[in-house]
Amino acid sequence: IPLSFFAGIGGASNQGILVKGSNYLETLAQTKYVVFDKTGTLTKGVFAVKDVYSVIDKDELIKYAAYAEFYSTHPIAVSVKNAYKNTVDTAKILNYTEISGMGISADIDGHKVLAGNGRLLESNNISHEKAKSHIGSIIYIAVDGKFAGYIVISDEIKADSKAAISALKQLNIKSVMLTGDVKKNADYTAEQIGIDKVYSQLLPQDKVSKLEEILSSKNPKKNVAFVGDGINDAPVLMRSDVGIAMGGIGSDAAIEAADIVIMNDELSKLPVAIKYARMTMKTVKENVWFALGVKAIVLILAALGYANMWLAVFADVGVALLAILNATKVMRK
């Protein structure tokens, strides 16, 4: 039995899938739902500025956005900083504050700047023009309490995301997406790749709550896996039955919290991991029933006087060798 699990872990590692323990293979084999984060998991997490709507001077708007996002390492923030071609003078950034799930507030060159989603401006009672026709993430900018414009930033869906979701459906596994992105973008991404259920505009703590709902409503014998990459995904990774992190672009916190790590960020490796887990459990059951069955038959034959020493040796050593050979098939797949 242990060798079957070792073979499963070894076979998965050959595919770039790091499994931190044999118990996680057993849990993964019984997975019925896979819950995904969007950015960096289903999408590439490589953003670029696609459009700018500005009430003030366009260059000034990008400048305020770049200064506001300077200390953030989020991919959206990086794309804004890349769009600003000049050097950021950090001495001009004061009272920098990150507002969870909304955006950033900072004093920039003597001006009070807000940069984030629509909820950030609404919470500060700032009326603004909403972007309606754009697919992508929107950063709204307000300067000194007045709406200054917005920047449209889009991400690309990973090339293998659709194939991965399709493969999960073939394994009779349902997919769910949890994201802080606006409903329009989330629904568009889900439609493109075939996600079954979408929950959008979620704060980090909301993701945990949604996962709790899924866990409470499922069959107790079926498990829920969560796949993510960001530092905000760490609590959800730990709460799920089995947490799976993207190892390439994933944060250290996400990788540490996860039970399984896909080292090359290829989402198509997820169905492979599940297949290895199911194959491992099937092999374990085969070995258990084969060993117990043969021993039971030999015991009965011995009680009836038909068993000899060589049959007893086969029931012990022979069965063990055959079980070992059966276990190694997992690595050969």
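1. In helix 4 (residues 75-83), the buried residues include Ile76, Ala77, Ser79 and Val80, where buried means under 20% relative accessible area, exposed over 50% and partly exposed in between (1.4 Å probe, protein chains only). These residues span an arc of only 160° around the axis, so that they lie on the same side of helix 4; the arc is taken from the directions that run from the helix axis to the C-beta atoms. An α-helix has 3.6 residues a turn, so residues three or four places apart point the same way. The partners against which the buried residues of helix 4 pack are strand 3 (48-54), helix 3 (58-68), strand 7 (137-143) and strand 8 (146-154). Helices (H or I, at least four residues) and strands (E, at least two) are DSSP runs, numbered from the N terminus.

2. On the basis of these points, the model is a predicted one, in which local features need pLDDT of at least 70 and side-chain atom pairs count only at pLDDT 80 or more, while totals for chains, interfaces and linings use all residues. Residues are numbered from 1 along each chain as its sequence is written, and side-chain values use heavy atoms, with hydrogens and water left out.

3. Helix 11 (residues 269-303) and helix 12 (residues 309-332) have axes that come within 10 Å and cross at roughly 170°, the axes being lines fitted to C-alpha atoms, for helices over the stretch in contact, with angles from 0 to 180 degrees between N-to-C directions. The two helices, helix 11 and helix 12, are therefore roughly antiparallel to each other (under 35 degrees counts as roughly parallel, over 145 as roughly antiparallel, 65 to 115 as roughly perpendicular and the rest as oblique). Their contact (heavy atoms within 4.5 Å) involves residues of helix 11 including Tyr276, Phe290 and Leu301, and residues of helix 12 including Leu311, Phe314 and Val330. By class, the residues of this contact between helix 11 and helix 12 are 15 nonpolar, four polar and four charged, where Ala, Val, Leu, Ile, Met, Phe, Trp, Tyr, Cys and Pro count as nonpolar, Asp, Glu, Lys and Arg as charged, and the others, Gly among them, as polar.

4. Helix 11 also meets helix 2 (residues 22-29), with axes that come within 8 Å and cross at roughly 100°, and helix 2 and helix 11 are therefore roughly perpendicular to each other. On the helix 2 side the contact is made by Leu25, Glu26, Leu28 and Ala29, which meet Ala273, Ile274, Ala277, Arg278, Thr280 and Met281 in helix 11. Seven nonpolar, one polar and two charged residues make up the contact of helix 2 with helix 11.

5. The count of salt bridges is twelve, each being a side-chain nitrogen of Lys or Arg within 4 Å of a carboxyl oxygen of Asp or Glu. One of them joins Lys38 to Asp181, with the closest N and O atoms 3.2 Å apart; Lys38 lies in the loop between strand 2 (31-37) and strand 3, and Asp181 in the loop between strand 9 (174-178) and helix 7 (183-193), so the pair ties together parts that are 143 residues apart in sequence. Both Lys38 and Asp181 are buried.

6. Glu286 and Lys329 form a further salt bridge (2.9 Å, N to O), which links helix 11 with helix 12 across 43 residues. Glu286 is partly exposed, at 29% relative accessibility.
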